[in-house]
Amino acid sequence: LLTMDDVSVSVVMSEAPDGLGISARSDGTVNVQVMMEELGGGGHQTVAGVKVRDISADEIEVKIIAMAKTQMEERDTDESNLTTGR
């Protein structure tokens, strides 16, 4: 997914009997580690994940989209961020 034009972050979810596995990847312009830590997981700026319980994929999808949008908005307004092209 990250090789597609204008895609900065991808998230894949997998339902299992013991919870919902979430794997996040970034091209480096979005910090997926921060996003997954907020959900109780961890990883690296470009590769992170988490396993959650007691929440549906639909519910967590809303949270992940909001977190990604926040990360992208912060990236786009951060004058010290070299990825903004300033």
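Modeller: This is a predicted model. Pro 17 sits in the loop between β1 (9–16) and β2 (19–26).

Biologist: Why is Pro 17 called exposed?

Modeller: Its relative accessibility is 92%. The label exposed requires over 50%, so Pro 17 counts as exposed.

Biologist: How far from Arg 53 is Pro 17, in sequence and in space?

Modeller: The two are 36 residues apart in sequence, and their C-alpha atoms are 9.5 Å apart.

Biologist: What makes Lys 51 and Asp 18 a salt bridge?

Modeller: The N to O distance between their side chains is 3.0 Å. The cut-off is 4 Å, from a side-chain nitrogen of Lys or Arg to a carboxyl oxygen of Asp or Glu, so the pair of Lys 51 and Asp 18 qualifies. The pair links distant parts of the chain, with Lys 51 in strand β4 (residues 47–52) and Asp 18 in the loop between β1 and β2, 33 residues apart. A search of the whole structure finds one salt bridge.

Biologist: Why are Lys 51 and Asp 18 called partly exposed?

Modeller: Lys 51 has 40% relative accessibility and Asp 18 has 39%. Buried needs under 20% and exposed over 50%, so Lys 51 falls in between, and so does Asp 18.

Biologist: How do you know that the span of helix α2 (residues 57–77) is close to the expected one?

Modeller: Helix α2 has 21 residues and reaches 30 Å from its first C-alpha to its last, against 30 Å expected at 1.5 Å a residue.

Biologist: Which residues of α2 are buried, and why are they said to be on the same side?

Modeller: The buried residues are Ala 57, Ile 60, Ile 64, Met 67, Ala 68, Gln 71 and Arg 75. They cover an arc of only 100° around the axis, which puts them on the same side of α2. An α-helix has 3.6 residues a turn, so residues three or four places apart point the same way. The buried residues of α2 pack against β1, β2 and α1 (32–38). On the face turned away from the buried side are the exposed residues Asp 58, Val 62, Glu 73 and Thr 77.

Biologist: What makes up the largest nonpolar core?

Modeller: The largest nonpolar core has 17 residues, and those with the most contacts inside it are Ile 22, Met 35, Met 36, Leu 39 and Ile 64. Two or more residues each come from β2, α1, β4 and α2, and α2 gives the most, with five. Leaving aside residues up to four places away in sequence, Leu 39 touches Val 50, Val 52, Ile 60, Ile 64 and Met 67.

Notes. Residues are numbered from 1 along each chain as its sequence is written. This is a predicted model: local features need pLDDT of at least 70, side-chain atom pairs count only at pLDDT 80 or more; totals for chains, interfaces and linings use all residues. Side-chain values use heavy atoms; hydrogens and water are left out. Helices (H or I, at least four residues) and strands (E, at least two) are DSSP runs, numbered from the N terminus. Buried means under 20% relative accessible area, exposed over 50%, partly exposed in between (1.4 Å probe, protein chains only). The expected span of a helix is 1.5 Å times one less than its number of residues. The arc is that of the directions from the helix axis to the C-beta atoms. Contact means heavy atoms within 4.5 Å. A nonpolar core is a set of buried Ala, Val, Leu, Ile, Met, Phe, Trp, Tyr and Cys residues joined through side-chain atoms within 4.5 Å.
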